[in-house]
Amino acid sequence: VRRHEGGSDASPLVGDDITFDLDAVVQTVFQSGSNWFMTIQDDENLAPFTGAWVFVGSTEPSLSVGDRINITQASVEERFNITQFSSLTFTVTGSGDPYGYVEVPTSAFNGASGDFTAEQHEGMLVSFDDVTVVATNADDPAGPFGEFLFSSDGSTGNGVRADDLSNGIDYGDGNDPDALVDEGDVLDFVRGPLYFSFGNYKVTP
């Protein structure tokens, strides 16, 4: 996965159909709109650049969270500025528990090195524990666009976005997180795979 990610904003392998011998664990499987996505990781020690997004398409995948797979071929593409696999050729080699979460404070994804740190965790499961909702509309005064802002220290400057990419997050009749959370709410955790869209890194619970 590290080779696919490339350690930079865009993978050097974009546009290629790559032959692999990659053993990975399925970390998430979810639907977004009419399409299905997965995330995979290939290091139980959760080293940087070892997670990846997989675009599946409109057909529900046959895989489950915790499945072990060996990928032998895949396309690498940039989709809305996030590096991902598609068109996987793989075999299932086993099943079990998914790998764990990388536990980080929201400040790690802010400041001078914040984007680089976030890039290292793109596609990985991250967990932000004991956080405060600092804005129910992360795009105020525009929006809402389904994203709220939370922080480990209660400041907006160290905030990280939570996005409703998954169909499992339902705000009711619109895109307003205020239907589920209020500013000042203290949450035990916000966790999920790290995503990037519209110029921001965000967790997708």
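Visitor: Let's jump in: where is Ser151?

Guide: Ser151 sits in strand β8, which covers residues 147–151. Strands here (E, at least two residues) and helices (H or I, at least four) are DSSP runs, numbered from the N terminus. This is a predicted model, so local features need pLDDT of at least 70 and side-chain atom pairs count only at pLDDT 80 or more, while totals for chains, interfaces and linings use all residues. Residues are numbered from 1 along each chain as its sequence is written, and side-chain values use heavy atoms, with hydrogens and water left out.

Visitor: Okay. Is Ser151 buried or exposed?

Guide: Buried, because its relative accessible area is 0%. The scale is simple: buried is under 20% relative accessible area, exposed is over 50%, and partly exposed is in between (1.4 Å probe, protein chains only).

Visitor: What does the side chain of Ser151 reach?

Guide: The backbone oxygen of Ser155, at 2.9 Å. A polar atom of the Ser151 side chain also lies 3.2 Å from the backbone nitrogen of Gly154. A polar contact is a pair of N or O atoms within 3.5 Å; within protein, one must be able to donate a hydrogen and the other to accept it, and residues adjacent in sequence count only if both atoms are side-chain atoms.

Visitor: And which residues is Ser151 in contact with, leaving aside its neighbours within four places in sequence?

Guide: Thr106, Val131, Thr132, Val134, Asn158 and Gly159. Contact means heavy atoms within 4.5 Å.

Visitor: Switching topic. What's the volume of the largest pocket?

Guide: About 380 Å³. Pockets are found on a 1 Å grid over the protein atoms alone: a pocket is an open set of points where a 1.4 Å probe fits, with protein on both sides within 12 Å along at least five of seven lines, and lining residues have an atom within 4 Å of a point. Grid points are joined across faces, edges and corners, and the volume is the space filled by probe spheres set on the points.

Visitor: How many residues line the largest pocket?

Guide: There are 17, and Asp163, Leu165, Tyr195, Ser197 and Phe198 lie nearest its centre. The elements giving two or more residues to that lining are β2 (35–41), β9 (159–163), β10 (186–197) and β11 (200–203). By type, the lining divides into six nonpolar, four polar and seven charged residues.

Visitor: What about the second largest pocket, what's its volume?

Guide: About 220 Å³. Its lining includes Phe109, Leu149, Arg161 and Tyr201. β9 gives the most to that lining, with three residues. The lining divides into five nonpolar, five polar and two charged residues.

Visitor: How many residues are in the largest nonpolar core?

Guide: It has 24, and those with the most contacts inside it are Phe109, Phe128, Phe148, Phe150, Val190 and Val203. β7 (125–135), β8, β9, β10 and β11 each give two or more residues to this core. A second, separate core of 16 residues includes Phe20, Val26, Met38 and Val76. A nonpolar core is a set of buried Ala, Val, Leu, Ile, Met, Phe, Trp, Tyr and Cys residues joined through side-chain atoms within 4.5 Å.

Conventions:
Nonpolar A, V, L, I, M, F, W, Y, C, P; charged D, E, K, R; others polar.
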